Amino acid sequence: TQETQASANSPDWTATAAAIKDAVVAIKVEGSNKQGQGSGVIIDAKGHIVTNNHVVSGAGQGAKLSVTIGDKTYSAKVVGTDPSTDLAVLKLENPPSNLTVASWGDSSKLKVGHPVMAVGNPLGLSDTVTTGIVSALNRPVTTQAVNDNSVDDTNFNSQRDSDVVVTSAIQTNAAINPGNSGGALVDSSGALVGITSSIASLASNGSSSGQSGNIGIGFAIPSAQVKSVVEQLIANGTVKHPQLGIRASNGTSGTQLGAKVEDVTQGSAAAQAGLQKGDLITAIDGTPVVGSESLVAQVRSYEVGKEVTLKVLRGSETLELKVTLGTAN
């Protein structure tokens, strides 16, 4: 789906749209609980499609999935879901031989201000494209994990409990609306740099529910994390998640923000690296950590076994500790 552009910063969006259009699908879910719709992205010629878990899991067991590509519709089945990252993989049951497959982009190379395009099925309007820029990177976004209760787009203001998704997200002002979930965020060349997953909502009358619709603050799961999760789901049907092995809270040291270590699990990756109670973690591999949510989001963006460098304030000392991330329970 990649298209060579004369200028990456002043792209010909018609060429980008033409390149990616047939690799993005509309997904319809019909189940005993309720109905819903979303988007997905074709990732290989076998008919595997990546989407959000909340798109396909909300209608309950035995839901019927149909995928529309252009003017044709196909049946699909769920290969695997991962509520912890809000990702899922589907497979077309009888895929055509001429599928357009999305090209993986490198989300780690994105910069704030880079132009991007969102492609999906907002409000049932398939093949919709919107453009904007990368508004922020490594934005910690917490949404509620979905198992079988909802098929609507997740809400940035969802309640925070133990059953949550925490993402180190790409923020964009490209218009994203309900139904865009699971769709593509691509760079100017048409390469997949993220999966659109959630939108911020304006709180109404002090409640956590808000107005549903684009307000210029949308979020996408970076393609590096998506690719890792997708490959594990296709190969094993399950995903291993990284873990430091600490309990942390928002903390400060003078003017410096960070995640304060409240407890270290014995035998964990953090313990082996020498983290101690009272330490203030301020960065991972050079990316700032401004609180506990920021820390969780960044750790979850890595793979199990990855060695990362933590910048830690311990009293008046500044330390750099290398940690090999363990596997979450």
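Where does Ile215 lie? Select Ile215: the residue sits in the loop between β14 (210–211) and β15 (218–222). Strands are DSSP runs of E of at least two residues, helices are runs of H or I of at least four, and both are numbered from the N terminus.

Before moving on, note that this is a predicted model, in which local features need pLDDT of at least 70 and side-chain atom pairs count only at pLDDT 80 or more, while totals for chains, interfaces and linings use all residues. Residues are numbered from 1 along each chain as its sequence is written, and side-chain values use heavy atoms, with hydrogens and water left out.

**Whole protein.** Show the cartoon: there are five helices and 23 strands. Of the 329 residues, 50% count as buried. Buried means under 20% relative accessible area, exposed means over 50%, and partly exposed is in between (1.4 Å probe, protein chains only).

**Back to Ile215.** Ile215 counts as partly exposed because its relative accessibility is 36%.

**The largest core.** Next select Ile20, Val41, Val50, Ala184 and Val226, which touch the most other members of the 22-residue largest nonpolar core. Such a core is a set of buried Ala, Val, Leu, Ile, Met, Phe, Trp, Tyr and Cys residues joined through side-chain atoms within 4.5 Å. Elements giving two or more residues to this core include α1 (13–20), β11 (184–187) and α3 (223–236). The most comes from α3, with four residues.

Centre on Ala184. Beyond its neighbours within four places in sequence, its contacts (heavy atoms within 4.5 Å) include Val24, Val41, Met117 and Leu192.

In α1, the buried residues are Ala15, Thr16, Ala17, Ala19 and Ile20. Their cover includes β1 (24–30) and β8 (128–144).

Move to α3, where Val226, Val229, Val230 and Leu233 are among the buried residues.
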